[in-house]
Amino acid sequence: MVEDDALARQAADPGTPLATLQDLAAHHPRLRPAIAANPATYPDLLQWLGRLGDPDVDAALAARGRPTTTAEYPAVPAAPPAQEPAQEPAQEPAQEPAQEEPYTEVLPAASAPASPPPVIPPAAVTPRPEGPRRTSVMGRTGPGRPPAAAPPLGAASPGGPPTVAAPAAATPSGAAALGVGSDPDRGGAARRAWALVALAVVLALALVWALTQRSPDPGPTSAPTSGATAGATASPTAPDTAAPTTGAPEDGAEAIQAARETLSGLPAASSCADPAANAGVFDAFAAAAAPDGAWTDPADGDVVLGALTGLQDTCGAPHAVAVSDALADGSPAIVATLAAAPDWVTVARPAPPGAQQRSSFVSPSGNIACSLGGSATCTINDRTFADPATCGPGPVTLVVGLGGDARSDCAATPAAGNGTLEYGQSATSGRFACTSEESGVTCWSTLSGRGFTVARAAIQTF
């Protein structure tokens with residue numbers, strides 16, 4: 001495990017604080033040989049290790065020139081009965097096996113030597129105000145729990161190795177602080193479990209923070225806490241530092257700017273073949289810039305008119321008007337903009353002054369009927385000219401659309417007029433206009449200027 005490797009490195013590192021070595025010796029029997037071999041281990045701790053009767057420890061002490069037999073040290077007395085679990089009888093030290101001491105053993109106080117051991121000057125201990133550093137399963141190190149009071153330099157802690165004096169007292173090991181039992185395997189599993197819980201909480205907090213970045217209306221978010229993990233984990237954000245959030249206004253401004261740039265570039269990007277697709281770009285811009293039906297920035301109405309004018313220049317007035325007509329039932333902001341600027345489109349041949357708003361009519365003779373809407377259509381019943389290529393004997397119908405050429409189309413539905421348009425008068429509806437003369441009826445698209453003239457004697461397209 002990563003944590004075990006980190007503890008082993010601490011046990012063998014001469015730079016490890018003496019208080020940490022004392023803590024490791026007390027709570028990690030498997031590390032005692034490394035501590036005995038560590039040149040920085042203080043004499044009282046070495047003497048204590050020599051009294052344990054551990055062959056590996058004795059070998060390490062022998063390698064550094066210290067006594068290697070338990071005969072030179074007083075035996076470690078048995079643990080006080082009051083500290084033993086009720087269900088387990090006290091064990092005699094003499095019957096202990098030679099392998100590593102069980103983690104559940106409470107180290108007894110060593111009998112004092114004949115003369116007090118030499119005291120290590122306080123200056124020899126590296127100040128660690130925050131307590132010994134612990135290594136997590138993630139391989140990171142950090143300060144342990146708040147230090148507790150330590151016994152004076154050279155004093156033996158009850159049931160454990162001699163302690164050393166330092167400006168800050170030694171911190172209990174991670175297992176003891178968490179209340180884990182003394183079995184080493186069970187304590188290690190518990191520490192791993194706590195570490196996994198801590199990691200899960202941190203990941204959950206990171207997920208909550210990430211979601212707030214996409215939220216349209218982020219509010220103050222309280223980090224979820226658990227009573228079991230409150231003491232073992234820390235919030236990823238310092239109490240006096242607010243987590244960075246992305247506000248809706250900033251996101252909205254970016255979205256509006258992106259939609260504005262897309263709409264402004266539409267004339268150059270359009271294929272000029274799909275008015276509905278072009279109208280969708282206008283709708284997307286209105287959804288971002290006028291979510292409540294009114295422009296957030298009044299200048300955005302000019303962006304709409306500028307895009308329509310650009311489409312007229314690039315694709316022609318009929319295409320631009322077809323896009324405009326597709327927007328008639330769309331965003332209220334666009335509808336209001338177009339209503340306030342009806343002359344945004346440049347017409348090729350406007351309706352004559354005084355033209356009547358009429359969607360259909362018949363000539364004074366009743367021989368020609370016309371209707372105006374999505375196109376201008378006229379049907380003549382009595383004629384003397386030859387049959388057009390697409391028609392047989394009988395009535396002939398002529399049609400002109402917004403941008404296409406005028407043509408005869410006898411497959412089209414014949415026009416039905418309503419009311420008479422006297423000679424010399426004009427009618428208009430939408431993007432079309434017609435005039436009635438004694439010489440015939442002329443109709444055209446005001447956008448393209450294309451149209452036709454129909455009379456009893458002949459028809460003509462232009």
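**Disulfide links**

With -60° about the S-S bond, the disulfide (a pair of cysteine sulfur atoms within 2.5 Å) of Cys272 and Cys315 is left-handed. The pair links distant parts of the chain, 43 residues apart: Cys272 sits in the loop between helix 9 (266–269) and helix 10 (275–289), and Cys315 in helix 11 (residues 300–315). Helices here are DSSP runs of H or I with at least four residues, numbered from the N terminus. The sulfur atoms of Cys272 and Cys315 are 1.8 Å apart. Cys272 has 27% relative accessibility and counts as partly exposed, a class that lies between buried (under 20% relative accessible area) and exposed (over 50%), with a 1.4 Å probe and protein chains only.

This is a predicted model, in which local features need pLDDT of at least 70, side-chain atom pairs count only at pLDDT 80 or more, and totals for chains, interfaces and linings use all residues. Residues are numbered from 1 along each chain as its sequence is written, and side-chain values use heavy atoms, with hydrogens and water left out.

Cys370 and Cys378 form another disulfide, with 2.0 Å between their sulfur atoms. The torsion of 115° about the S-S bond makes the link of Cys370 and Cys378 right-handed. Cys370 is buried at a relative accessible area of 0%, and Cys378 is buried at 1%.

Cys434 is joined to Cys443 with an S to S distance of 2.0 Å. The torsion about the S-S bond of Cys434 and Cys443 is about 115°, so this disulfide is right-handed. Both Cys434 and Cys443 are buried.

The count by this rule is four disulfides. With bonded cysteines counted along the chain, the pattern is 1-2, 3-4, 5-6, 7-8.

Note on methods. Helix = DSSP H or I, 4+ residues; strand = E, 2+ residues; numbered from the N terminus.
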